[in-house]
Amino acid sequence: AKQSGRNRYGFFTADLQARTARALQIENALRRALERQQFELHYQPQVSLGTGQVVGAEALLRWHHPELGVVAPAEFIPVAENSGQIVALGEWVLHTAARDAKRWLDMQLPLRAVSVNLSAVQFRHPQLPEMVTRCLQQAGLPARRLELELTEGAAVDDPVAALAMMDQLHDRGVRLSMDDFGTGYSSLSCLKRFQIYKLKIDQSFVRDLDDDANDRAIVSAIIRMAQALGMQTTAEGVETDGQLQFLRAQGCDEGQGYLFSRPLPADAFEAYLRAMK
Ligand code: C2E
Ligand code: CA
Ligand code: CA
Ligand code: CA
């Protein structure tokens, strides 16, 4: 038993070393990735469950590295957060998404707003409001056309600072949504005071809606709470018609997921919008 215990420990450290080596490799490659133009934004439509119309699009970051291949955001975003590189990368994302949205609006394509994910590290950065305004001005995009997605983690560490940051962003006219809602620890009393326009119901609650009565109860409670607080709701990860029917019957405002469309490269998303017109 002792022997196998040691073996397992050996495997564990080898695995840990491999993962650390990969993280270092990613961190080094990230340094040059921006100037080498290895990033791209994909856009996933957000659809009104009432009308079926596209109301928004979430910008999702993709990294194509010549040797590492396509690296998933779940793998490189945490590395970029730890190294501080997320600040420059986040500015590139905002700049690019604002420019793309402005182009689509100028083409009269049916899109109300573009949503951009903000990391907790960006959210704590004192220059964030200036950066957001700068990107909007450079692109010529009105602030109300931009939505910033925060996670609960960004707000709970320091609720007082978070409240002040949300007020500043709200005063500049951008909308804030709470991403992955239900997976974090934000208290309902905080939620009430935050300038949050929309709750995004995490896909972990949506996935099993067709056969899990608990998930149905949770989702319907979130929707009713949001309605009571005057907030919009978007369900994430909608994949089946059964999920769609349930969400619509509960009064969820919007859905996002493979049922409507996968995230698409900018040109494909533009074609998608044209077909919707
Ligand atoms: P998220 O913000 O919760 O984004 C939704 C994720 O769910 C995306 O994964 C999307 O591709 C995926 N998804 C959409 N519809 C479905 C569906 O019907 N079924 C399933 N199973 N998945 C679906 P992705 O693109 O891999 O992004 C993962 C996470 O990386 C995002 O989660 C977000 O937290 C982060 N991320 C992506 N882009 C950015 C960015 O520009 N900045 C920051 N800070 N984080 C980003
Ligand atoms: Ca998001
Ligand atoms: Ca989410
Ligand atoms: Ca997520």
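Predicted model: local features only at pLDDT ≥ 70, side-chain atom pairs only at ≥ 80, totals over all residues.
**View 1. Ligand 1 sits in the largest pocket.** Start with the whole shell: 21 residues surround ligand 1. Gln44, Arg62, Asp179, Glu239 and Tyr258 are the closest of them. Sorted by class, that shell has nine nonpolar residues, plus six polar and six charged ones.

**View 2. Secondary structure elements around ligand 1.** Which elements each supply at least two residues of the shell? They are β2 (54-65), α2 (73-83) and β6 (175-181). β2 gives the largest share, with four residues.

**View 3. Polar side chains facing oxygen atoms of ligand 1.** Arg62 has a polar side-chain atom 2.8 Å from an oxygen atom of ligand 1. For Asp180, the distance from a polar side-chain atom to an oxygen atom of ligand 1 is 3.2 Å, and for Glu236 it is 3.5 Å. As for how wrapped up the ligand is, the protein covers 80% of the 800 Å² of accessible area that ligand 1 has on its own.

**View 4. The calcium ion (ligand 2) and its four coordinating residues, Glu58, Asn117, Glu149 and Asp179.** The donor atoms are OE of Glu58, OD1 of Asn117, OE of Glu149 and OD of Asp179, at 2.1 to 2.3 Å. If you want to find these donors along the chain, look for the spacing E-x58-N-x31-E-x29-D. Asn117 belongs to strand β4 (residues 113-117) and Glu149 to strand β5 (residues 146-151), so this pair ties together parts that are 32 residues apart in sequence.

**View 5. Asp179 as a bridge between two calcium ions.** Asp179 turns up again here. Besides coordinating the calcium ion (ligand 2) through OD, Asp179 bridges that ion and the calcium ion (ligand 3). How far apart do the two ions lie? The separation is 3.9 Å. Asp179 is also among the residues closest to ligand 1.

**View 6. Asp180 and the calcium ion (ligand 4).** The next residue to look at is Asp180, which lies in strand β6. Asp180 coordinates the calcium ion (ligand 4) through OD atoms, at 2.8 to 3.1 Å. Asp180 is a bridge too: it links the calcium ion (ligand 4) with the calcium ion (ligand 3), and those ions lie 3.6 Å apart.

Key: Residues numbered from 1 in each chain as written. Chains lettered and ligands numbered in written order. Heavy atoms only, no water. Near = heavy atom within 4 Å. Polar contact = N/O pair within 3.5 Å; in protein donor to acceptor, adjacent residues only side chain to side chain. Areas by Shrake-Rupley, 256 points an atom, 1.4 Å probe, with all protein chains shown as cover. 1 Å grid on protein atoms, 1.4 Å probe; cavity = no way out; pocket = protein on both sides within 12 Å on 5 of 7 lines; lining within 4 Å. Sits in = over half its atoms within 2 Å of the grid points. Nonpolar A, V, L, I, M, F, W, Y, C, P; charged D, E, K, R; others polar. Donors = N, O, S within 2.8 Å, 3.2 Å for Na, K, Ca; no water.
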